[in-house]
Amino acid sequence: MSQIVKAFAATARYRSDDPRFSEVSPVSTIRKSLLQLIFSGSFMKRWNDKLRPVELWEVDKQAHKMITAWTLYQLNSAGLESKERAALGREIIEGGIFEYLYRLVITDIKPPVFYRIKANPSHYQQLTEWVLEQLEPKVHPLGQAFWERLKDYFLVQPETSMGRRILRASHLYASQWEFSLIESINPWDEELEEIRRNFEASLQELSELEGVDELQGPHANGALKRFLRQCGQLRFQKRWSQTPRIPETSVLGHMFIVACYAYFCSLSIRSCPVLSQNNFFAGLIHDLPELLTRDIISPVKRSVQKIGDLIKQYEEEEVRRRVFSLLENGGYGQISERLAYYLGADIGSEFVSTVRVEGKSRATDRESLQTIYNTDEHDPKDGELLKVCDSLAAFIEAYTAMRNGITTDQLQQAVWRIRTDYNQVSLGPGLHIGSLLADFD
C-alpha cells in the first residue's frame, strides 16, 4: 500500500472516531452515475461533419477551454479583493462544469442551430428545462445548493458577468484551436470562411478582457499563446498507450475529469471555497509535465526506485525550462507562480497537501488541512484528495474499457489494484471511496 493510501487510512480512522465529525451530515453525495456522466465526454466527437486529421473529443476541448479560462482568471482577477476573487473563481469553475453538462445532453446539435434556438427565449427555456430534467437525477445528489446554482446559471443569471465573458472567450479560443487543425484539409467546405470570421469577430468583442488580445492579436505568438498551445498538444498524448481501450482517452481530457471529480469531492466534505477551487485547478494541470515526458505508466515508475526518481527529476527540469521560464520571460510570472504551487514544485509532489503560511508554501498532513487550515487565507490545496481523484479517473477508464469488451491483464490489474488500495479509504463523512467503487459491479 502506498504512503498516500496509508495516510488516508489513518485519516479515515480519525474521522470515524473524532466526535467533531460524528454528527455532521454530508451536504452532498457523489454517485457512480455522476462519475460516468463526466467521463461520457470521452465518447462525444466534435466537428463530426468535417474531415479531421485526428479524432476530436468533447472532453479534450473542455479541458483546453478550462485551462484557458484559468489563465484569463489569473490575469483578470489580480486587482480584486480576496472575496471577489474567490467568487469569480467559483463562477468560472462551476460555469464551466455547468456548460459541459448541458453540452453532454444536447450532444450533436450544431452551434448555428443551437444559437438560433437560444435567440428565441421561449424555445431556449423549453430546451433548457428539458436538459435540466435529464441532469437532475445525476447532479442533484451533490446538494440542493449546487443544483440551484446550476438552474440559475441557465435560467436566471445574465450572461454579461466577467466570469461568463472569460468562459466565452476560452470556449472560442479552444474551438478556434481545433478549427485550425481541420481548416486546411477541408478546402471545399463552404462553411469554413463564415466559421473563421465568427471566431475572429466574437473574440474581438471580448478584447477588453486582459489576455484575449494575446491570443489572437499582434502578440498572438507570445508566451501566453505558446503556453496554451503546449497544453492543447496534450490531446495528442494517449493514456495507457500500449493498452487497447474503448474509448481511448488523452492526457488532456483526463486532467479535466480529475478536476471535476476533485471539485465534487471538495464540495462533499465541506472544503472552504479556495480549497475547493485550488483542488479543481490543480487537477486541471496536474499532468502538465507529461507534455515533456509522455504518459509513463505507473508500473514503470514503480519498477525501480531510481527510474522513478530520474523521471521525476527530468520532469521538474523540463517544466522549469520550457514552461515556467517561458511564462516568466514573457511577463506572466503570476501564472508561472500558481502553476508551480499547484504542481508542488517547492514541496516535491503535486499529491502533497499544501498551505501557505507567512507567504511560503508548506506541506501539511490531511487532518490539519481539513481542520486548522481549511480557510481561504491559507490558500490550501488537498494533494492527497487529488491523488484519489486521479485514481478514480484511472479506474473509470479501465472499468469502461472492460465493460466495452476490451479485457487485458493491464486493465484487470489496474481495476483490482485500485479497488484494493482504496477499499478502506474515506475522504470525509459520507464520502467513502471503497463504497463508491463498490457501486461498479
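Helices (H or I, at least four residues) and strands (E, at least two) are DSSP runs, numbered from the N terminus. The model is a predicted one, in which local features need pLDDT of at least 70 and side-chain atom pairs count only at pLDDT 80 or more, while totals for chains, interfaces and linings use all residues. Residues are numbered from 1 along each chain as its sequence is written, and side-chain values use heavy atoms, with hydrogens and water left out.

Residues are called buried under 20% relative accessible area, exposed over 50% and partly exposed in between (1.4 Å probe, protein chains only). At the start of α13, a side-chain oxygen of S250 comes to within 3.4 Å of the backbone nitrogen of L252. Just after the helix, R270 adopts a positive phi of about 60°.

On a 1 Å grid over the protein atoms alone, a cavity is a set of points where a 1.4 Å probe fits but cannot get out, and lining residues have an atom within 4 Å of a point. Grid points are joined across faces, edges and corners, and a volume is the space filled by probe spheres set on the points. The count comes to 1 cavity of 30 Å³ or more, and the largest cavity has a volume of about 50 Å³. Its lining consists of S42, W57, V59, D60, K238, E248, T249, S250, G253 and H254. Two or more residues of this lining come from each of α4 (58–76) and α13 (251–268). With Ala, Val, Leu, Ile, Met, Phe, Trp, Tyr, Cys and Pro counted as nonpolar, Asp, Glu, Lys and Arg as charged, and the others, Gly among them, as polar, the lining divides into 2 nonpolar, 5 polar and 3 charged residues.

Some backbone geometry also deserves a look. Most residues other than glycine have a negative phi, and most peptide bonds are trans. I246 and P247 are joined by a cis peptide bond, with omega about 0°. I246 belongs to the loop between α12 (223–233) and α13, and is partly exposed at a relative accessible area of 41%. The C-alpha atom of I246 is separated by 9.1 Å from that of A398, 152 residues apart along the chain. D379, in the loop between α19 and α20 (383–403), has a positive phi of about 50° although it is not a glycine; D379 is buried, with a relative accessible area of 12%.

Strands pair if DSSP finds at least two bridges between them. Strand β1 (residues 354–357) and strand β2 (residues 360–363) are antiparallel, pairing over 4 bridges, with V357 opposite K360. The two strands form a hairpin with 2 residues between them, and E358 in the turn has a positive phi of about 55°. E358 is exposed, with a relative accessible area of 78%.

Definitions and conventions:
1 Å grid on protein atoms, 1.4 Å probe; cavity = no way out; pocket = protein on both sides within 12 Å on 5 of 7 lines; lining within 4 Å. Polar contact = N/O pair within 3.5 Å; in protein donor to acceptor, adjacent residues only side chain to side chain.
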